[in-house]
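This report goes through selected features of one protein model. Look at the structure first, then read on.

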Amino acid sequence: MSSDLTDDPWLHDRQRIGRAIRDARMRRNLTQESVFLAIPMNRSYYQDIEAGDGNPTLDTLLAIASAIGVPLAELVR
């Protein structure tokens, strides 16, 4: 049985969080590279998170928020 993304109950929330991360990063004029290198994290995984395809842990979200310079609540509200 193949997994269908439309059956993913958290997809919308991950996409919303990914957009919030991207928007916060861009407001601070940061590149994706500057963020994933500060964490450090794999480039493709960071891109997946911003696209809503990644499934980051709380520690990863905290690291991203810190690298961008925003409180975690700003990214997940």
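## Salt bridges

The structure holds five salt bridges, where a salt bridge is a side-chain nitrogen of Lys or Arg within 4 Å of a carboxyl oxygen of Asp or Glu. This is a predicted model, in which local features need pLDDT of at least 70 and side-chain atom pairs count only at pLDDT 80 or more, while totals for chains, interfaces and linings use all residues. Residues are numbered from 1 along each chain as its sequence is written, and side-chain values use heavy atoms, leaving out hydrogens and water.

One of the salt bridges joins arginine 16 to aspartate 13, with 3.0 Å between the closest N and O atoms. Both residues lie in helix H1, three residues apart, about one turn of the helix. Helices (H or I, at least four residues) are DSSP runs, numbered from the N terminus. Arginine 16 has a relative accessible area of 27%, so it is partly exposed, and aspartate 13, at 26%, is partly exposed too. The scale is as follows: buried means under 20% relative accessible area, exposed over 50%, and partly exposed in between (1.4 Å probe, protein chains only).

Another salt bridge brings together the side chains of arginine 22 and aspartate 23, at 3.4 Å from N to O. Arginine 22 is partly exposed at 28%, and aspartate 23 is partly exposed at 33%.

## A link between two helices

The side chains of glutamate 50 and arginine 25 also form a salt bridge, at 2.7 Å from N to O. This pair links distant parts of the chain, since glutamate 50 belongs to helix H3 and arginine 25 to helix H1, 25 residues apart. Are these two residues buried or exposed? Both glutamate 50 and arginine 25 are buried.

## How H1 packs on H3

H1 and helix H3 (residues 43-51) pack at an angle of about 110°, and their axes are 6 Å apart. H1 is therefore roughly perpendicular to H3, a label for angles of 65 to 115 degrees. Axes are lines fitted to C-alpha atoms, for helices over the stretch in contact, and angles run from 0 to 180 degrees between N-to-C directions.

On the H1 side the contact is made by Arg14, Gln15, Gly18, Arg19, Ile21, Arg22 and Arg25, and on the H3 side by Tyr46, Ile49, Glu50 and Ala51. Contact means heavy atoms within 4.5 Å. These residues divide into four nonpolar, two polar and five charged. Here Ala, Val, Leu, Ile, Met, Phe, Trp, Tyr, Cys and Pro count as nonpolar, Asp, Glu, Lys and Arg as charged, and the others, Gly among them, as polar.

## Arginine 14

Arginine 14 lies in helix H1, which covers residues 11-27. Its relative accessibility is 16%, so arginine 14 counts as buried. Leaving aside residues up to four places away in sequence, arginine 14 touches Asp8, Ile49, Gly52, Asp53, Gly54 and Asn55. Its side chain reaches the backbone oxygen of glycine 54 at 3.3 Å.

## Two backbone features in loops

Most residues other than glycine have a negative phi, and most peptide bonds are trans. Asparagine 29, in the loop between H1 and H2, has a positive phi near 55°. With a relative accessible area of 71%, asparagine 29 is exposed.

Which kind of peptide bond joins isoleucine 39 and proline 40? The bond is cis, with omega about -20°. Proline 40 is placed in the loop between helix H2 (32-38) and H3.

Notes: Polar contact = N/O pair within 3.5 Å; in protein donor to acceptor, adjacent residues only side chain to side chain. Parallel < 35°, antiparallel > 145°, perpendicular 65-115°, else oblique.
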